[in-house]
Amino acid sequence: MLPERIATPSLSADMAVDTAIIGAGYTGISAAKRMHELAPSDEIAIIDSSEIGEGNPGRNSGFLLEIALANDADPSQLDRMRQCNKLIAASLGKIVKTVENSSIDCQLKRMGTYRGAAGRQGLKSLHQYAAFLEAAELPYRDLNREEMEQHLGTQFYQRGLYSPHCYLAQPAALIRCLADELPDKIHLFENTPAISLKQSSGRWLIKTANGEISAKKVMLANNAFAKSLGIGMSQLVAMYTYAGITPVLDPAVLQTLGSDTSWGLLPTHRLGSTLRKTEDGRLLVRCLYAYEKEINSALVRQELSRNLVKRFPQLAKTEFEHIWGGAVGFTMNGGAVFGEVKPGLFVSAGCNGGGVVKGSLFGELLADLANGQPVPDISALFGKASWMPPEPIRSLGFKLVSGLERFRGQAEI
Ligand SMILES: Cc1cc2nc3c(=O)[nH]c(=O)nc-3n(C[C@H](O)[C@H](O)[C@H](O)COP(=O)(O)OP(=O)(O)OC[C@H]3O[C@@H](n4cnc5c(N)ncnc54)[C@H](O)[C@@H]3O)c2cc1C
């Protein structure tokens with residue numbers, strides 16, 4: 001949906017740098033920028049297995065939350081939540097500034113976000129989130145079914161909540177914009193997957209198809225795939241989730257999709273669907289989770305369509321223009337994999353589905369840590385990824401928990 005972009009060349013020879021970063025997503029790019037700020041004369045290389053905007057960082061739904069996600073929000077821990085929100089808001093502020101100074105149109109707007117509850121579980125979680133917002137003295141609006149329908153054009157939700165603390169963006173444009181603003185001194189190699197990582201004579205060696213990078217420090221910012229390089233194996237799983245977008249809809253159909261020209265809605269259950277009406281008049285839906293393995297695209301298309309039509313029966317005959325999937329690094333308790341795991345080897349992984357702003361924050365803090373700067377206690381503030389049992393118990397546990405959650409949250413899915 002964006003204009004053509006020429007990728008930077010892939011790595012084609014051996015090189016030695018001070019810091020190498022694996023993964024040019026939100027985490028990796030902000031880590032690279034911060035490293036350069038702190039040590040401007042250092043040589044920094046950042047590699048990505050894909051192309052900027054084509055891979056995972058460009059495949060999200062474009063919600064940039066200024067405050068805790070509903071499932072993170074805890075009214076009994078307001079001090080901690082306030083500190084988290086302050087850090088997140090500062091990171092988001094930097095993203096907004098970068099976008100403002102860029103010629104790339106990221107369609108970034110502070111639209112706020114709706115949350116909608118269709119059934120009992122959804123109502124319970126909406127109620128908890130409202131309690132958190134109230135305790136934190138953050139503004140929100142409560143909406144009944146008729147008001148939800150008026151704003152969004154669907155009768156699907158019994159109750160809703162609108163919170164202004166969210167930006168919406170075109171995610172592929174956003175990651176292009178952030179990568180574009182990397183200082184020239186930073187070497188970016190696209191289409192360069194790290195195949196292995198090892199330590200030798202006090203340096204880290206990253207093997208890629210056509211060259212090896214030798215670095216004093218390495219930062220792993222490849223989220224779900226950190227474990228393929230041997231890190232976070234007992235903490236991380238890769239979950240695939242999917243989205244589809246319609247063509248630009250007829251004005252007559254658009255008129256039925258609520259009074260707001262564009263809007264975003266987040267689910268009240270973790271297996272629920274995310275929805276957006278875009279500025280240019282399309283609907284986007286995100287749903288489904290698959291454990292460690294991608295789902296067949298015909299099934300994905302069918303499920304996405306079913307979820308959309310359930311909410312908007314007027315779209316029964318509309319085909320998606322594009323569908324896509326992305327891998328998300330999940331941890332069992334939602335905590336992060338963050339820190340120096342071996343001397344000179346730093347990692348930030350496990351975005352748990354909401355890592356555009358949080359990843360940008362953690363990337364920056366990882367660079368601070370690697371440069372001996374003071375860093376807030378990430379584990380205490382955002383949680384620390386807990387241990388997961390190995391396979392096959394892990395996948396059995398996943399099937400059990402997701403089956404139970406699916407049953408509980410079926411009205412929201
Ligand atoms: C469909 C979908 C919708 C989502 N919606 C939202 C949303 O609205 N808001 C939100 O905040 N989050 C959302 N997410 C999650 C969001 O995309 C992630 O949280 C975010 O991208 C995390 O950023 P990151 O930089 O930490 O990791 P990633 O974006 O996963 O980036 C990691 C990078 O590492 C690269 N990489 C992986 N392995 C290697 C390797 N071996 N060598 C070199 N490079 C490698 C990848 O190509 C990738 O570019 C969504 C995700 C999906 C899939």
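Residues 24 or more positions apart make up 75% of the chain's contacts with a separation of 6 or more. A contact here is two residues whose C-beta atoms, placed from the backbone, lie within 7 Å.

Before going on, the ground rules. This is a predicted model; local features need pLDDT of at least 70, side-chain atom pairs count only at pLDDT 80 or more, and totals for chains, interfaces and linings use all residues. Residues are numbered from 1 along each chain as its sequence is written.

Next, the overall build. The chain has 10 helices and 18 strands. These are DSSP runs, numbered from the N terminus: helices are H or I with at least four residues, strands are E with at least two. The C-alpha atoms fill a box of roughly 65 × 45 × 40 Å along the principal axes. Of the 413 residues, 50% are buried, with 20 or more other C-beta atoms within 10 Å of their own, C-beta atoms being placed from the backbone.

Now the ligand. How many residues surround it? The count is 36, and the closest are Gly23, Gly25, Asn60, Gly326 and Gly355. Near means a C-beta atom, placed from the backbone, within 6 Å. Helix α1 (26-38) gives the largest share of the shell, three residues. At least two residues each come from α1, β12 (237-245), β16 (322-330) and α8 (356-370).

Helix α8 also meets α2, residues 78-100. Their axes come within 9 Å and cross at roughly 95 degrees. Axes are lines fitted to C-alpha atoms over the stretch in contact, with angles from 0 to 180 degrees between N-to-C directions. On the α2 side, the contact includes Leu87 and Ile88; on the α8 side, Val357 and Lys358 are among the residues.

Methods
A residue is buried if 20 or more other C-beta atoms lie within 10 Å of its own, exposed if 12 or fewer, and partly exposed in between; C-beta atoms are placed from the backbone.
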